[in-house]
Amino acid sequence: MKCLNDCVKGAIGSAVILATQIATAAPAPTFNHDIAPIVYKNCTPCHRPGEAAPFSLLSYQDTVRKAKTIGRVTESRVMPPWKAEPASYAYRDERRLTKDEIALIQSWVQNGMPEGSDTKAPAPPSFGSGWALGEPDMVVEMPEAFHIPADGPDIYRNIAAPLNLPEDKWLTAIDMKPSARSAVHHVLYFADPKGLAHEKARQGTEPGFSGMRAGGATVNLGGWALGAQPHFFPEGLALRVPKGSDLVIQYHFHPTGKPQAEKSLVGLYFAKQAPARSMVRVQMPPHYSLFSGLNIPAGEKDFVIRDSYTLPVAMDAVGVGAHAHYIGKQMKMTATLPEGGVKTLLWIKDWDFAWQDRYYFKELVALPKDTRLDVEIHWDNSADNPRNPSSPPVRVTWGEESKDEMGSVTLIGVPAKEIELRPLQRDIAQHREEMVKEGLRADPSLTAKVVRLLSE
């Protein structure tokens with residue numbers, strides 16, 4: 001009898017504990033309270049009308065229609081597109097979801113995707129002007145549309161427009177709206193201080209002129225590639241655009257199977273005053289590995305190129321980015337500090353040609369003099385690489401076509417002391433020249449390719 005009483009008491013106690021756990025358990029997540037803040041922050045900037053994403057996520061109705069897809073791609077981290085692994089220094093504007101956010105989405109989907117109380121619904125983000133960074137200080141429209149054929153080789157085309165600036169300006173951000181977004185793989189922005197690029201004779205019937213050289217546009221203003229989001233430079237940093245300059249956009253068009261017409265709008269954002277320090281770029285290897293022996297045999301699963309560069313002066317790192325084509329696999333940049341510590345600045349373990357962003361640090365990263373930067377880039381030219389455009393695989397060498405390859409990691413930074421800008425620039429240029437000489441010695445056949453590139 002005592003045993004029976006003990007069993008009954010135990011059962012009652014367990015029931016009380018279970019009831020208490022149920023009463024105190026966190027409620028199932030709802031869209032308005034839990035999911036909307038995640039979606040509106042990380043997804044809606046691309047998933048809205050006029051942007052590259054194939055559907056909108058501006059409401060509960062939009063989101064619930066794609067809920068199972070959202071659950072699948074967030075759990076696998078395919079979305080949001082943020083390829084950089086957590087590094088030694090935090091990035092700003094990071095779109096990588098936390099484990100808790102991914103778990104919330106999974107729980108919401110599994111619990112039937114409830115909408116929740118309207119009183120807890122946040123307002124969808126506003127993109128009144130259609131520009132992610134707000135209304136630009138200046139909007140430049142390309143003078144004519146360039147007509148991209150349905151098929152054929154990739155096209156590099158420079159199209160210029162006068163800016164008519166009466167005084168020097170300082171660029172703190174740049175954004176663009178391509179009219180043929182699916183055919184524009186990437187662009188590079190340049191300024192021609194002489195203002196003559198727009199007068200250069202067109203080649204053929206289409207506007208602009210061909211080639212990898214931007215026809216006298218010597219001021220590099222950055223670029224945009226698939227998957228990249230516009231960013232402001234950190235406070236106090238900007239790029240000089242001389243008065244009277246032309247803006248030159250160097251397009252890389254990739255025909256998509258249907259004819260398209262491209263006539264971009266470009267938004268320029270200007271700082272109120274000149275910056276106290278000047279930005280520099282350290283590209284490793286230089287020239288996107290043209291002189292680094294990029295010659296990948298068919299079937300090679302792990303072809304690697306490395307480069308090292310030691311800073312001659314102290315530098316504050318602003319951000320880092322990478323570039324490669326389809327069979328790029330892994331991109332990594334580390335900094336070995338003079339006292340011996342090794343810091344990761346960028347590590348992309350699963351490179352994707354479709355998502356090429358730039359990663360700015362939350363805070364400037366101090367890199368002392370004699371810090372050694374090391375870069376390694378891996379390519380997978382095997383049949384096991386699902387992104388390999390060739391089946392069966394073929395030998396791949398350096399080239400401008402998307403099925404060719406190139407690769408580099410670029411650090412953007414400022415010298416710790418502005419007086420050391422020129423010595424830093426000269427040293428970076430010397431590193432480039434040494435790589436060119438070494439590459440030409442190792443492969444004299446590159447000379448013809450370089451002559452062709454420079455003549456375009």
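The model is predicted, so local features need pLDDT of at least 70 and side-chain atom pairs count only at pLDDT 80 or more, while totals for chains, interfaces and linings use all residues. Residues are numbered from 1 along each chain as its sequence is written, and side-chain values use heavy atoms, with hydrogens and water left out.

**Exercise 1. Helix packing**

Determine how helix α2 and helix α5 pack, and which residues meet.

Solution. 
Step 1. Helices (H or I, at least four residues) and strands (E, at least two) are DSSP runs, numbered from the N terminus. Helix α2 covers residues 31–42 and helix α5 residues 99–110.
Step 2. Axes are lines fitted to C-alpha atoms, for helices over the stretch in contact, and angles run from 0 to 180 degrees between N-to-C directions. The angle of α2 and α5 is about 130°, and their axes are 10 Å apart.
Step 3. That angle makes α2 oblique to α5, given that angles under 35 degrees count as roughly parallel, over 145 as roughly antiparallel, 65 to 115 as roughly perpendicular and the rest as oblique.
Step 4. The crossing of α2 past α5 is left-handed, meaning that the near helix is turned anticlockwise from the far one by less than a right angle.
Step 5. With contact taken as heavy atoms within 4.5 Å, α2 contributes Phe31, Asp34, Ile35 and Ile38, which meet Glu101, Leu104, Ile105 and Trp108 of α5. Six of the contact residues are nonpolar, none polar and two charged (Ala, Val, Leu, Ile, Met, Phe, Trp, Tyr, Cys and Pro count as nonpolar, Asp, Glu, Lys and Arg as charged, and the others, Gly among them, as polar).

**Exercise 2. Aromatic pairs**

Classify the pair of phenylalanine 232 and tyrosine 269, then that of tyrosine 251 and phenylalanine 253.

Solution. 
Step 1. Rings of Phe, Tyr and Trp (its six-membered ring) pair if their centres lie within 6.5 Å; planes under 30 degrees apart count as stacked, over 60 as edge-to-face and the rest as tilted. The count by this rule is 14 aromatic pairs.
Step 2. Phenylalanine 232 and tyrosine 269 are 5.4 Å apart centre to centre with 80° between the planes, an edge-to-face pair.
Step 3. Phenylalanine 232 is in the loop between β7 (219–225) and β8 (239–241) and tyrosine 269 in strand β11 (residues 265–270), so the pair ties together parts 37 residues apart in sequence.
Step 4. Buried means under 20% relative accessible area, exposed over 50%, and partly exposed in between (1.4 Å probe, protein chains only). Phenylalanine 232, at 32%, is therefore partly exposed, whereas tyrosine 269, at 3%, is buried.
Step 5. Tyrosine 251 and phenylalanine 253 are stacked, with 4.9 Å centre to centre and 15° between the planes. Tyrosine 251 is buried at 1%, and phenylalanine 253 is buried at 0%.
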